[in-house]
Amino acid sequence: MTDALADPCSPQPVLARERDARPAGALPVPRPAAAATGTTTGTTGTSGLALVTDPAEGLRVTVRRELSTAPVPEWRALAAAAGAPPFCGPDWLRAVHTHLGSGDPLLVSVRRQGRLLAFGAFAVLPATGASRPVVTSLGAGVSDYTTVLADPDAEVPAARLVAAVLDAVAGAVPGAVLDLEQVPADDPLLEPLALWARARDHSVRLVPQAVVHAVPLPATVAEHDAALGRRVRHEERRQWRRLAAAGRLEVVDDLLARALAPAAGEPAAEAAAVAALVEELAAVDAAHPRAAARRRPWRGASGRTLADVLREAPRPVVQLSGLRVDGELAAYTLCFAGPRALHGYLQSYRARWAPYGPGTLLLLRVRRRAVLSGYRELDLLRGEEAYKRRMERTTRRTVRVVAVPLSRGLVPGLVDRAAVLRRTYRDELRRHERLAAAADAAGSARDAAASAAARARDLLRATAGRAGGTGAARGRARDGARALAPLRRALRRG
């Protein structure tokens, strides 16, 4: 086994801290969201929201309609200063919109004395029939989080900055419905947005959207390992030994750096290396035990999106680690390092290595590295996958924010309501908690049973293959078949 350290269970090299993930000249590390200044100062009435360009505050608002004109370094620095995850920054959003997005970009910058204080990234969907145009978040449907970025250290109150952004949107797309997806339910944006809506004669509706799970992390690796328990640590070491015995094991903490090393800064060679790495990740996903039931990532537009992110994002932001056995990538974990949390985006493994638990091994390794980096949270992002439920975790929600101009008359109002319902009906259905809980429970049970069946089948095949068809192997095969029987019954019941 080759690695920076001989023992893959021991404390690992430190991930880049948030201050290292920002470009030179970035703004200071933000205070916690609860301590952000100026969220309501001077906004109790409507007078403070009357102007987009306020001479008293010296604000200047710019609207751009091309992604190529975005102020990328400043946008990136503001997102870090605001404590926003990488999904709200330029490297992710530009790639997502280019390959997977819809509508026309609408970028709003708010400056004071040349300094970028607020930024909003939107997409404009044109009106159809009698309905209004819609302004949604850039990257809507793909990004796990969205917000309007505001500098927490600005002397201008956040409510004024947000209002300046939204006024610019309303001016650029008159009469539009504002539909922002995946806004954290505790986002400071929500209060300024409500103030703006009241001042501008808009109705606002918040619809619960996604459940987000996060794993709290302790201060030290010793505390982390103690919480796992002796049995889990013993099993982890045993699985590492089994993998090492199966072939030449290599643990790679930075697959991207390894892939780019031979390119030596040559743009064409780097692009080819990234494309080859994305193809390798796609091959792992295609060999996953539940590949037929999963949306296979990293093919087509999805693969081009990831390639752009890998090329453009600051290197410390992308945390792509993997396991190789005899040179073949057996499993990988993709995370993004944000200012306040490490965000676990996707992990996958080849079915034939499932008996060794490579996903769990990599996740434990990532958690230890995150602890050493000073992170106190591993954000597992939205979704109700079974493996998330098995962890000690905290749970929070995102909401969908819909702001609609108040209609004058019965028929226009009905048209607006119908248009909004067409966009939000899936989220509205999820508001019925009992139905949603029952559906989630049934889906989780089905996923767990299918995953267990796949692991048992893979173990059965691997055991039979290693024994070469001997009598002992046939006996183990019969035992494996008996073990699969209740799982098959569970699948049929599900």
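Modeller: In this predicted model, ring pairs link F87, W92, Y145, W298, F336 and Y345 into a cluster. The count of aromatic pairs comes to ten.

Biologist: What makes W92 and F336 an aromatic pair that is edge-to-face?

Modeller: Their ring centres are 5.7 Å apart, and the cut-off for a pair is 6.5 Å. W92 belongs to helix α3 and F336 to strand β10, so the pair ties together parts that are 244 residues apart in sequence. Both W92 and F336 are buried.

Biologist: Why is R115 said to form a salt bridge with D151?

Modeller: The closest N and O atoms of R115 and D151 are 2.5 Å apart, and the criterion asks for a separation within 4 Å. The pair therefore qualifies as a salt bridge. R115 is in strand β3, whereas D151 is in the loop between β5 and α4, 36 residues apart. A search of the whole structure finds 19 salt bridges.

Biologist: Why does R115 count as partly exposed, and why does D151 count as buried?

Modeller: Buried requires under 20% relative accessible area and exposed requires over 50%. R115 has 36%, so R115 falls in between and counts as partly exposed. D151 has 4%, so D151 counts as buried.

Biologist: How do you know that R324 forms a salt bridge with E280, and which of the two is buried?

Modeller: The closest N and O atoms of R324 and E280 are 2.6 Å apart, which lies within the 4 Å limit. R324 lies in strand β9 and E280 in helix α9, so the pair ties together parts that are 44 residues apart in sequence. R324 is buried because its relative accessible area is 15%, under the 20% limit. E280, at 22%, is partly exposed.

Biologist: What links D179, E181 and R400?

Modeller: These residues are linked in a network of salt bridges. Within it, R400 forms a salt bridge with D179, the closest N and O atoms being 2.8 Å apart. R400 is in strand β13 and D179 in strand β6, 221 residues apart. Both R400 and D179 are buried.

Biologist: What makes strand β12 mostly covered?

Modeller: Five of the six residues of β12 are buried. Four bridges join β12 to strand β7, and these two strands run antiparallel. Two bridges join β12 to strand β11, and these run parallel.

Methods
Residues are numbered from 1 along each chain as its sequence is written. This is a predicted model: local features need pLDDT of at least 70, side-chain atom pairs count only at pLDDT 80 or more; totals for chains, interfaces and linings use all residues. Side-chain values use heavy atoms; hydrogens and water are left out. Buried means under 20% relative accessible area, exposed over 50%, partly exposed in between (1.4 Å probe, protein chains only). Two strands pair if DSSP finds at least two bridges between them. Rings of Phe, Tyr and Trp (its six-membered ring) pair if their centres lie within 6.5 Å; planes under 30 degrees apart count as stacked, over 60 as edge-to-face and the rest as tilted. A salt bridge is a side-chain nitrogen of Lys or Arg within 4 Å of a carboxyl oxygen of Asp or Glu.
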